[in-house]
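Good morning, everyone. Please look at the model on the screen while I talk.

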Amino acid sequence: MFVPKLYVYTFLGEFVLLYPVYTLLFTDSGLSVAETSSLFVIWSVTGMVLEIPSGAWADTMSRRLLLFLGPLLAGAGFALWVLFPSYWAFALGFVLWGAEGALVSGAFEALAYEELERRGLQARYAAIMGRAHSLGIVAAASAIALATPVFAVGGYPAVGVASVVACLLCAGTALTLPERRRAVAGSSGLSGDSGGRYLAVLRAGVAEARTDRNVLEAIVLISVVTAIWGALEEYVPFLAAETGAPRTAVPLLVLAVWVGAAAGGLLAGPAQRLTGRQFALVLALAAAAMAVGALIPHPAGFALVAVSFGAFQMAGVVADARLQERVSGDQRATVTSVAGLGTNVVTLAVYTAYGAGSPFLSHGTTFALLVLPYVVIALWLARERVAPM
């Protein structure tokens with residue numbers, strides 16, 4: 001029952017009915033575009049600041065506890081938004097939501113991998129996590145579909161209550177997850193107070209991420225592969241509108257991209273058997289498909305965009321699996337959180353580049369230019385000594 005519980009946790013974590021309407025809540029509460037943008041900055045900065053420290057926390061105490069606390073924080077933030085709709089309530093809610101992301105990031109992957117390893121199933125990690133990512137996409141799509149009728153009946157309070165309930169159920173699911181770990185002090189030779197153990201694990205995790213070449217290569221791969229397509233996903237509706245498709249068809253084009261990403265997660269298991277050069281070829285072809293599809297001034301180009309998103313989703317899951325295989329010692333969540341920080345940094349860079357280029361470039365051209373780093377990564381991976389698979 002362990003793997004189904006992982007799936008339930010992932011689904012509930014993304015089944016938040018406030019997702020498609022929270023920007024409307026901000027607008028209806030009188031926030032300007034600049035104020036709303038500042039909330040997104042607060043959200044991003046909170047996650048980045050807490051990412052690595054929370055990873056070390058997951059390595060020195062119960063990971064299951066962090067997976068329990070994370071959704072509770074997010075649920076509290078959503079409740080604040082609905083009960084006290086004001087800028088500072090929204091800001092505090094984003095701080096809590098950012099903290100949730102940091103607590104879960106690293107802890108979830110580490111708990112999943114080590115429990116599978118204990119059962120002799122670590123080879124299935126990529127397939128299982130790929131399915132989990134796909135379920136997360138299905139959950140988000142389901143939340144968007146359900147939000148419309150719920151909002152029509154009960155407005156913001158109704159979608160807020162539904163979101164908080166999903167968070168509570170997600171937290172409850174975390175308590176059912178098994179966690180059988182060796183004591184950090186005993187397995188790492190650390191002694192002294194808990195603060196000393198925490199700092200020792202934090203230093204060890206950062207040192208492994210920085211000095212172990214194999215681990216560092218996997219972190220770079222995850223950061224670039226995951227962040228670029230993840231950031232571009234936010235701009236897919238603009239790309240869809242640019243194709244000349246009717247506004248009523250834009251949601252269908254966005255849905256096609258989501259279907260592609262979900263399919264890519266399901267292919268992560270077989271993709272784990274690709275060699276380094278085969279993996280590099282997949283990345284290069286996916287980048288080409290993205291560029292060509294984005295530049296085609298017709299909705300038909302979205303078929304290529306959807307395929308590329310699926311390939312990038314698949315590649316990100318496989319890269320995470322490879323990182324888990326390379327991590328040694330008791331600082332697995334800390335090292336994984338370093339990769340999470342790298343992903344956040346690259347994501348912000350993509351947002352910045354997109355915003356800077358938007359006055360001068362079409363959305364299709366911007367998409368095509370921003371996938372060029374995938375070609376660079378593919379050329380790097382194609383070198384014989386770099387074998388991420």
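I will go through salt bridges, aromatic rings, one cysteine and the nonpolar cores.

First, the ground rules. This is a predicted model: local features need pLDDT of at least 70, side-chain atom pairs count only at pLDDT 80 or more, and totals for chains, interfaces and linings use all residues. Residues are numbered from 1 along each chain as its sequence is written, and side-chain values use heavy atoms, with hydrogens and water left out.

Salt bridges, then. A salt bridge is a side-chain nitrogen of Lys or Arg within 4 Å of a carboxyl oxygen of Asp or Glu. How many does a search of the whole structure find? It finds 8.

Take Arg63 and Glu114. Their side chains form a salt bridge at 2.8 Å, N to O. Arg63 sits in helix α4 (residues 63–83) and Glu114 in helix α6 (residues 107–118), so the pair ties together parts that are 51 residues apart in sequence. Helices here are DSSP runs of H or I, at least four residues, and strands are runs of E, at least two, numbered from the N terminus.

Are these two side chains buried or exposed? Buried means under 20% relative accessible area, exposed means over 50%, and partly exposed is in between, with a 1.4 Å probe and protein chains only. Arg63 is buried, at 1%. Glu114 is partly exposed, at 21%.

Glu114 has another partner. Its side chain also meets that of Arg332 in a salt bridge, 3.2 Å from N to O. This pair links distant parts of the chain: Arg332 is in helix α16 (residues 332–357), 218 residues from Glu114. Arg332 is buried, with a relative accessible area of 4%.

One more bridge. Glu115 and Arg119 meet at 2.8 Å, N to O. Glu115 is buried at 3%, while Arg119 is partly exposed at 36%.

Now the rings. Rings of Phe, Tyr and Trp (its six-membered ring) pair if their centres lie within 6.5 Å; planes under 30 degrees apart count as stacked, over 60 as edge-to-face, and the rest as tilted. The whole structure has 29 aromatic pairs. In one of them, the ring centres of Phe26 and Phe90 are 4.5 Å apart and the planes are at 50 degrees, so this pair is tilted. Phe26 lies in helix α2 (residues 22–28) and Phe90 in helix α5 (residues 87–104), so parts 64 residues apart in sequence are tied together. Phe26 is buried at 0%. Phe90 is buried at 0% too. Both belong to a cluster linked by ring pairs, which includes Tyr19, Trp43 and Trp97.

Next, Cys170. It is found in helix α7 (residues 125–175) and is buried, at 2%. Contact means heavy atoms within 4.5 Å. Leaving aside neighbours within four places in sequence, Cys170 is in contact with Tyr9, Leu12, Gly13 and Pro71.

Last, the cores. A nonpolar core is a set of buried Ala, Val, Leu, Ile, Met, Phe, Trp, Tyr and Cys residues joined through side-chain atoms within 4.5 Å. The largest has 89 residues, and Leu323 is among those that touch the most other members. Helix α15 (residues 302–326) gives the largest share of this core, 12 residues. Apart from it lies another core, of 21 residues, among them Phe26 and Phe90.
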